[in-house]
Amino acid sequence: MVEHSGLDIMCLNKYCHSSSSSSSSEHEKKVFTKLKLNLTGDYPRKNAEILSGQYGTNVLLIGAALMLAIAHHGPSVKEEHLLSFITCLMILQLIWMMWYILMRDRQKNRQTEKDVHATTCWIRGGLTLLALLSLIMDAFRIGYYVGYQSCVSAVLGVYPVIHATHTIAQVHFLWFHIKDVIKMFETFERFGVIHAVFTNLLLWCNGVMSEAEHFLNNHKRRLSALGYGNLTIVHSEPHCNCTTSACSMFSNSLYYLYPFNIEYHIFVSAMLFVMWKNIGRTIDLSSNRKRPPTKTHGLILGPILGLVALASTIGVLVVYIIHVEESLQTRQSAISMFYCYGIVMLVFMCSAGASGLLIYRADHMPMDTSKNPSRQLDTELLFGSSVGSWLMSWCSIVAVLGTNSSPPYRWTNLIYSLLIVLEKYVQNLFIIESLYRERDDEEREDPELPATPEIFSVTSSLAPPYNGIINRAYETPDRPCVTMENEQEESGQVYRCPRKPSEVPLPVGNKVVEPPTVKRQILKNVAVFLIMCNISLWILPAFGCRPHYDNGLEQETFGFSIWTTVLNFAVPLNLFYRMHSVASLFEVFRRV
């Protein structure tokens, strides 16, 4: 009895022990499953943005560290190491783009959301043109390597081949996938897109460094010819003879193509950044519509003045490059000519931008507050890239006011620098206000009268009563096409059916049809004129017209090394500002 009871108690204790063990094991399984889900599930959007952003930043900093070591011209780090690193980054981006395109092809039946504001056809067309010029530059690099292949690293031959392949694949990606709003594998795709962003930024930095070093060496040669000593000129030619007769032509032609390659990579990185911001985003269909075609009637004064500015720019560029290499007096005359030209150009630009702002002040239109990553990035880039020219201008103002020398261009330099600051203030304000104003469509409904009945309208008093499900194609054969608001196809276009006028009699004047107003014509002419002027002000420094190197005032005040450092930072930003302003102003032209 006792033994039996003890046995029962033992069995009961064993059962209780196994029960508690099973409950604890189940608890452990739940914890493990929860931990596994947390580890394998997608990170929250903000965490993914931070992680991928930190990854891209560190990729860029590694490349920057290599570029700084190369700039020192020491024996430990050479150009081949940087090119090898960039080549690996480009190969990784190629693998990611191939994977993305294959995944998209496998999901053809699944509709992908598109951000119609991410880019436009004319921007992609411009980038394609810049990409073609980059391919020509790669061909020159390959020809240069073939001529010196006996004494240079094989990396100098592999890099242009990979870069050309990368350029072709990236242009295809920009044309067919840059508008995609990614909703699958979001965390992985964030790393892929941000890798592409910073790969292009690193290629931009490498191009800027190479172009700046070439221009600095030419500047040192000019100073040496004028009698300045203690200037070290770095010779980067290989230590062997070229096996072809075109090596010097390839080498010299590269530096005329660098500006286009530089602008290509910085614009691509900006577009990819918008794609990165769009990952996981919920598109507001009410604002995600294609704009109607832009009308160009009334464009007379703006294009004419713009062409005059462009022609005068080319003339100033040729005269400056020829005369800046000659005697001191001729050199000073060339610099004075540049500042006088710049003052006239900037005065006209300030006047044009101010006239546009006055029109906006007189026309009270509400601001568009809808979320638009592309527009927000445009605004931030305008402000950020303005810093470069503002820094140069204020340094020039300090130098002019503090110097003891008095060259003939001293006070014109002061006026030019002040106008640069003012012009960017006015132009930035004009562009940003234009981008954020709601469109004043040429045809709009009178707000005090009910709108034309739509398919899904349930409140319109003009809509005929329908009961049940109606086959509209059968009931109304004269209306074979039904308007579907915000319908988006695979190509990202927004298709609309032509709206037939309502048969319900409406009072006269309920539809307001506005002819092209003087206000719109003025704004379009202002936008076109500013586009041509910004192209002109990009051409001058891009192809060698940089009086900040040659006038000597800033160099006397800040010293050669400090002023050169300022210019190496500010000039690339200024070049990007001008080209980005062209893109933004073209968007303004389309919105007006």
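A salt bridge is counted here when a side-chain nitrogen of Lys or Arg lies within 4 Å of a carboxyl oxygen of Asp or Glu. The model is predicted, so that local features need pLDDT of at least 70 and side-chain atom pairs count only at pLDDT 80 or more, while totals for chains, interfaces and linings use all residues. Residues are numbered from 1 along each chain as its sequence is written, and side-chain values use heavy atoms, with hydrogens and water left out.

**View 1. Salt bridge between Glu-49 and Arg-190.** The closest N and O atoms of Glu-49 and Arg-190 are 3.8 Å apart. This pair links distant parts of the chain, with Glu-49 in helix 2 (residues 45–71) and Arg-190 in helix 6 (residues 186–225), 141 residues apart; helices are DSSP runs of H or I with at least four residues, numbered from the N terminus. The structure holds eleven salt bridges.

**View 2. Crossing of helix 8 (residues 301–323) and helix 9 (residues 328–362).** Their axes, lines fitted to C-alpha atoms over the stretch in contact, come within 9 Å and cross at roughly 160°, on a scale from 0 to 180 degrees between N-to-C directions. Helix 8 is therefore roughly antiparallel to helix 9, a term for angles over 145 degrees.

Key. Helices (H or I, at least four residues) and strands (E, at least two) are DSSP runs, numbered from the N terminus. Angles under 35 degrees count as roughly parallel, over 145 as roughly antiparallel, 65 to 115 as roughly perpendicular and the rest as oblique.
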